[in-house]
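Hello,

Here is the structure for your files. My notes on it follow below.

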Amino acid sequence: MDFAVYLSALGITASQIVGIGPQNAFVIRQGIGRSHILPIVAICIACDILLISAGVLGMGGWISGHPLLMRWVVWLGAAFIAWLGVKSLRSAFTPKKLDSAGEVEREKRTAVRSILVVTLLNPYVWLDTVVLIGSVSSVYGAAGKLSFILGAATASCLWFLGIGLGAGRLAPWFESEKSWRVLDGVIAAVMFFTATLLVVNFGLSG
């Protein structure tokens with residue numbers, strides 16, 4: 001294994017996945033609510049590894065070479081993220097405490113389905129993992145592919161385990177209605193901002 005490539009991939013991947021987007025917001029919310037966080041984190045890590053591996057092995061170049069497909073993905077994804085923003089905004093005006101947990105998913109099947117949807121229907125996840133990270137990995141050539149994938153997988157594991165398990169420590173702060181309102185308001189703003197950036201940076205280009 002090429003340790004230099006491994007460290008480079010770890011840093012590059014961390015710079016892309018660190019941030020509060022739709023996927024991370026869902027993980028943090030479930031972590032605060034202490035609801036099915038381990039399977040949710042495992043799914044996030046598995047999806048990251050699969051998508052990054054696909055990008056490193058060549059899928060990123062194929063997607064970027066089909067601008068019409070990219071535009072459809074961006075517009076549909078932006079609409080989906082905006083809808084999530086509406087849900088969070090509506091939740092911000094609904095009184096709740098940690099015992100009711102607002103939009104925290106308590107049923108395991110629903111939680112798993114939700115994280116799969118918010119991950120696989122989020123264009124930023126595909127753009128970051130398959131297209132961007134996959135394209136950057138080509139710099140290291142065929143010999144560095146395995147080391148790059150391992151470094152990227154390490155970054156994903158550290159990040160999702162950190163926010164998933166660490167968010168549970170914030171639970172005492174969310175025993176009040178006001179804290180949930182603030183969290184939902186922030187998440188709604190992030191969703192609307194993300195959807196707008198998608199349309200401006202990708203949907204209107206070309």
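**Notes on the model**

Helices α1 (3-17) and α8 (145-166) each supply at least two residues of the nonpolar patch. Helices here are DSSP runs of H or I with at least four residues, strands are runs of E with at least two, and both are numbered from the N terminus. This is a predicted model, in which local features need pLDDT of at least 70 and side-chain atom pairs pLDDT 80 or more, while totals for chains, interfaces and linings use all residues. Residues are numbered from 1 along each chain as its sequence is written, and side-chain values use heavy atoms, without hydrogens and water.

The patch covers about 550 Å² and is made by M1, F3, L7, L146 and L150. Its members have over 30% relative accessible area and no salt bridge, with nonpolar side chains joined within 5 Å (a salt bridge is a Lys or Arg side-chain nitrogen within 4 Å of an Asp or Glu carboxyl oxygen). M1 lies in the segment before α1 and counts as exposed because its relative accessibility is 66% (exposed is over 50%, buried under 20%, partly exposed in between, with a 1.4 Å probe and protein chains only).

The protein has 9 helices and 0 strands. Of its 206 residues, 47% are buried.

There are 0 disulfides, a disulfide being two cysteine sulfur atoms within 2.5 Å. The sulfur of C44 has its closest cysteine sulfur in C47, at 7.0 Å, which is too far for a bond. C44 is buried at 0% relative accessible area, and C47 is buried at 9%.

Regards

Terms used. Patches are made of residues with over 30% relative accessible area and no salt bridge: like charges are joined within 9 Å, nonpolar side chains (Val, Leu, Ile, Met, Phe, Trp, Tyr) within 5 Å. Accessible areas come from the Shrake-Rupley method with a 1.4 Å probe; for residues, only the protein chains shown count as cover.
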